[in-house]
Amino acid sequence: MADSSGNPQAPQADAIDSSPRKSSWKYIGPGIVVAATGVGAGDLVATLIAGSSFGYTLLWAAIIGCLVKISLAEAAGRWHLSTGRTLFDGWASLGRWTTWFFVGYVVIWGFVYGAAAMSSSALPLQALFPDVMDLEWWGIACGLVGLVFVWFNKYAVFEKVMTVLVGVMFVVTVYLAIRVTPNLGDAFAGLLPVLPDADDSVLNTLGLIGGVGGTITLAAYGYWVNAKGWTNTGWMKVMRLDNRVAYATTGIFVVSMLFVGAELLHSANVALASGDKGLLQLSDILEEEYGTATAKFFLIGFFATSFTSLIGVWHGVSLMFADFVERYRRGDATRGEDIAAGRRERSLPFRIYLLWLTFPPMVLLFQGQPFRLIIIYGVLGAAFLPFLAGTLLWLLNSARTPREWRNGALSNSMLVIAGLLFLVLCVKQIWDQPWSEFF
């Protein structure tokens, strides 16, 4: 059915089982998965560098980053539960341009991200076991383990393993935050929205806000919600609790690492290298300050952080790709009941994308990353969050969503803020690319 403008209308609210279910901690799951996937080694390094450069000054920005991502993930989950349709189905209803963007994104982004995720997971393993094999082979081993794990296990097992790894991440980051003995007075002062005294302080602040807790994994959240068996509005309260837990957990990770950066690095005027290798540098500093055991404990947490991002993307983005292919073949919407059956986890497109994430990127582990491909990857990655925020605003304020589940003033405000924030960061990243060397 379509409205007068030709847009597909949302199903009637009474067509969806909305029997009330109490929100309960025992249901928590997809939020843990999105928190684990969204916080990668790069996020921890960015937060460490913010702490080492500005002390506790940007603590408030890290917390706002969590609130912004809560609004995006909640909106994605609300679309899935209130309409019984997937996010890609919603995007497709907005026009063919969304399909072209998504295809370009998952193909190029997936190719480069696959190599980055394998390399990031390999770094701590090579540091822990330096004489076993070279970094490239550790990366290949991580990719193959991730492939086999996601290929043969369904969502329930995937969620349990992610929960265990999140527990490791949590213990390690909180232990380090306590170990460095944070100055709580300065930390509370860091809750005041003050910009650091630096020329690029605004962009650094926006970058920290935007870098907290994932990109495409925010869109994958709705798919994990459905895979959990939550397929109608009766699960809305549960989903919202789950989402808050996700970003409370993310907040603890980033605040803990900011404490480490502020206390261990800022006071000593130590500058970390950007990228995942900055965490190896931190491991050396921890060994010097607190001993070998603490350094190795941190490397275990580093591996858990990187490997959860790897298997999270292997699973979540493969679900999205399978949804894209399925809709392209069928030309109609797919209902939530089909998703809950786990059919997509066994589908050919799901497994094809798994293979795409795993095998072609292995070439980049040995040959370096092609310059032009990296520029395109950077542009697509920067454009995804403005795309997500803008399309969610469109979908959740239209007849595609049942009236009672459309955006209110708070949701609209948060999504507008998110969209503008990510648009600024997108323009900056595109501007910073060395385009003169591209052509």
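The legends below describe close-up views of a predicted model.

**Figure 1. Overall fold of the predicted model.** The protein has 18 helices and zero strands. Of its 439 residues, 55% count as buried. The accessible surface comes to about 18,100 Å², and carbon and sulfur atoms account for 63% of that area. Among contacts between residues at least 6 apart in sequence, 85% join residues at least 24 apart.

**Figure 2. The largest nonpolar core.** This core has 140 residues. Those with the most contacts inside the core are L72, W91, W314, F384 and L388. Helix 11 (residues 236-266) supplies the largest share of the core, 17 residues. In soluble globular proteins, nonpolar side chains tend to be buried together.

**Figure 3. Surroundings of F384.** F384 is one of the residues with the most contacts inside the largest nonpolar core. Leaving aside neighbours within four places in sequence, F384 is in contact with W91, F101, Y105, T215, I216 and A219. Of these partners, W91 is also listed among the residues with the most contacts in the core.

**Figure 4. The aromatic pair F158 and W224.** The model has 30 aromatic pairs by the rule used here. In the pair shown, the ring centres of F158 and W224 are 6.3 Å apart and the ring planes stand at 35 degrees, so the pair is classed as tilted. Planes would have to be under 30 degrees apart to count as stacked, or over 60 to count as edge-to-face. The pair links distant parts of the chain, with F158 in helix 7 (residues 155-179) and W224 in helix 10 (residues 216-227), 66 residues apart. Both F158 and W224 are buried.

**Figure 5. Helix 15 and the helices around its buried residues.** Helix 15 spans residues 348-358, and its buried residues are P349, F350, Y353, L354, L357 and T358. An α-helix has 3.6 residues a turn, so residues three or four places apart point the same way. The buried residues of helix 15 pack against helix 5 (96-128), helix 6 (135-152), helix 13 (292-330) and helix 16 (362-367). At the start of helix 15, a side-chain oxygen of S347 comes to within 3.3 Å of the backbone nitrogen of F350.

Figure 6. The average pLDDT of the protein is 85, and 87% of the residues score at least 70. Over residues 11-20 the pLDDT stays under 50, and the model gives this stretch 18 contacts beyond four places in sequence. Residues 333-341 also have a pLDDT below 50, with 25 contacts in the model beyond near neighbours in sequence.

Note on methods:
Residues are numbered from 1 along each chain as its sequence is written. This is a predicted model: local features need pLDDT of at least 70, side-chain atom pairs count only at pLDDT 80 or more; totals for chains, interfaces and linings use all residues. Side-chain values use heavy atoms; hydrogens and water are left out. A nonpolar core is a set of buried Ala, Val, Leu, Ile, Met, Phe, Trp, Tyr and Cys residues joined through side-chain atoms within 4.5 Å. Buried means under 20% relative accessible area, exposed over 50%, partly exposed in between (1.4 Å probe, protein chains only). Helices (H or I, at least four residues) and strands (E, at least two) are DSSP runs, numbered from the N terminus. Contact means heavy atoms within 4.5 Å. Rings of Phe, Tyr and Trp (its six-membered ring) pair if their centres lie within 6.5 Å; planes under 30 degrees apart count as stacked, over 60 as edge-to-face and the rest as tilted. Accessible areas come from the Shrake-Rupley method with a 1.4 Å probe; for residues, only the protein chains shown count as cover. A polar contact is a pair of N or O atoms within 3.5 Å; within protein, one must be able to donate a hydrogen and the other to accept it, and residues adjacent in sequence count only if both atoms are side-chain atoms. pLDDT is the predictor's confidence in each residue, from 0 to 100.
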